[in-house]
Amino acid sequence: MNLDWSIVWDHRSELLHGAMLTVLLTVLTMAVAVPAGIVLALMRLSNSKPLAFASQCFVEFFRNLPLILVVYWAFYVMPVFLHIEFSAFTTGLVALCLNVSAYNAETFRAGINSIRKGQTEAAMSVGMSRWQAMRTVVVPQAWRRVLPVLASTWVSLFKDTSLVSVIAVGELAHVALQIRSSSFRVLEMLTAMAVIYWLMGYPQAKLVDWVQKKFEVKE
Amino acid sequence: MSSPTPARKGADQPPVVVYDNVRKLYGDFVALDGVTVQVNKGEVMCLIGPSGSGKSTLLRCTNALETLSGGRVLIDGVPLPADERDARKVRQKMGMVFQNFELFPHKSALDNVAIGPVTVLGMSEATARERAMVLLEKVGLAAKAHNFPSGLSGGQQQRVAIARALAMEPEVMLFDEPTSALDPETIGEVLNVMKRLADEGMTMVVVTHEMSFARRVANWVVVFDHGKVVEQGPPEQIFDAPHAERTRDFLSHLGWNG
């Protein structure tokens, strides 16, 4: 078998560009999905039945669909039914945000619920409103428990961004697979892709380990 | 039925909290079954009785952490408002101390005390911290002001919790079994702080299993059983010459013999 690794080097700028898009997708998705998850969790925990129900529907819908299906759906169905048409990049971003927001909502909800009711009562006994108790007492404590889970979600998301390659978003997976099809250098490109993803993912995973250790809840 | 009942010490003082035929149901379970008692200004009222007899429930009804199923609670003559916003105003007049302290673990002792005035009254952090320091001195913990709750003993945490409640300058302090979660050797320091508060004239309602504290500090003792008041009176009556059979039973189970 003759291998030609120069193909990887020759396409370094496209691969670099793809890798940057992968990072950009991850960062943008989290930037949207963290606040969205908080809002969804607070809706779910609010006293308003319609708000709680709406949040629950959203979460159960997107949490239980394969991400790749949501990506296809956003690309093919959303323009037809909702008359919304975005670029492939934005469409992919929307699909990722829908999925990760649903996960984050559950993460935040679990984090908030894990704080004893007595903490809210203690806050209310000094005269705080429910909202003030949530803001100054519950959420800051929940945050510590939530952060390690968010860190894991981050690493999954980083890898899952590769799924938007199916709608031709030029991130790392798409770029690498394109080069593979035009050059027929299957083995080289798939290996290169694996190495690049691993080299980028490993430090993040280590960072997650560190976060989990640092924010470990001791009681 | 035996010796004449001694007079109530706070009888000439205006009532601060009046419980008027208070009922509380949890589904079918009757937690409070028509409780009528009152606390007058400057009095220390101790609620005693077996676990699950409704003492803590009554305390939680006082500052509207629980809603009533029937009857009324009057604070300074005004019924507890049903509206949450108004209830909050009334709650500010009452300090509460919990069995499990419930200090905020992400805040230092000083900030635990300062957080109420800052969040609720909009006081500046600098002023609130200055006042918090004075209160921590009062409970003997100025040196621990910058410790977090995890770095304090149970007794110290409970004293910080008392300071936190005092920071809102309450008219009445509610204590829900304040020493039940403590190691025996730290119970004394908390009871001493409470005794000093009582001596300063603070109106207090205390749910407790510390009979010697009730005997020594209370002006009025209320004995609960099955959601009802079995007997109430000055400590001399309750502990030395109880009228009710149930009171005698309860005290003898605790090994109390005067």
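In the predicted model, helix α2 (residues 12-45) of chain A packs against helix α8 (residues 172-183) of chain A at an angle of about 155°, with their axes 7 Å apart; axes here are lines fitted to C-alpha atoms, for helices over the stretch in contact, and angles run from 0 to 180 degrees between N-to-C directions. α2(A) and α8(A) are therefore roughly antiparallel to each other, where angles under 35 degrees count as roughly parallel, over 145 as roughly antiparallel, 65 to 115 as roughly perpendicular and the rest as oblique. To this contact, defined by heavy atoms within 4.5 Å, α2(A) brings A:E14, A:L15, A:G18, A:A19 and A:T22, and α8(A) brings A:L172, A:V175, A:A176 and A:I179. By class, the contact of α2(A) with α8(A) has 6 nonpolar, 2 polar and 1 charged residues, with Ala, Val, Leu, Ile, Met, Phe, Trp, Tyr, Cys and Pro taken as nonpolar, Asp, Glu, Lys and Arg as charged, and the others, Gly among them, as polar.

Helix α2(A) also packs against helix α3 (residues 49-63) of chain A, at an angle of about 130° and with the axes 7 Å apart. These two helices, α2(A) and α3(A), are therefore oblique to each other. The crossing of α2(A) past α3(A) is left-handed, a term used if the near helix is turned anticlockwise from the far one by less than a right angle, and right-handed if clockwise. The contact involves A:L40, A:M43 and A:R44 on the α2(A) side, and A:L51, A:A52, A:A54, A:S55, A:Q56 and A:F58 on the α3(A) side; by class, 6 of its residues are nonpolar, 2 polar and 1 charged.

Chain A as a whole contains 9 helices and 0 strands, helices (H or I, at least four residues) and strands (E, at least two) being DSSP runs numbered from the N terminus. Along its principal axes, the C-alpha trace of chain A spans about 75 × 45 × 25 Å.

Between chain A and chain B about 1700 Å² is buried, 60% of it on carbon and sulfur atoms; buried area is the accessible area (1.4 Å probe) that two parts lose on being put together, summed over both. Of the area that chain A buries against chain B, 32% is supplied by A:E121, A:S125 and A:V126, more than by any other three residues. The contact takes 18 residues from chain A and 22 residues from chain B.

One helix pair spans the two chains, with the axes of helix α7 (residues 130-160) of chain A and α3(B) coming within 11 Å and crossing at roughly 140°. That angle makes α7(A) oblique to α3(B), and α7(A) passes α3(B) in a right-handed crossing. In this pair, A:Q132, A:T136 and A:V137 of α7(A) meet B:I115, B:T119 and B:V120 of α3(B), and the residues divide into 3 nonpolar, 3 polar and no charged.

Over all chains the structure holds 26 salt bridges, each a side-chain nitrogen of Lys or Arg within 4 Å of a carboxyl oxygen of Asp or Glu, and the count between chain A and chain B is 2. In one salt bridge, the side chains of A:R116 and B:E102 meet at 3.0 Å, N to O. This pair crosses between chains, from A:R116 in the loop between α5 (88-113) and α6 (117-125) of chain A to B:E102 in the loop between β6 (94-97) and α3 (109-121) of chain B.

Residues are numbered from 1 along each chain as its sequence is written, and chains are lettered from A and ligands numbered from 1 in the order in which they are written. For this predicted model, local features need pLDDT of at least 70, side-chain atom pairs count only at pLDDT 80 or more, and totals for chains, interfaces and linings use all residues, while side-chain values use heavy atoms, with hydrogens and water left out.
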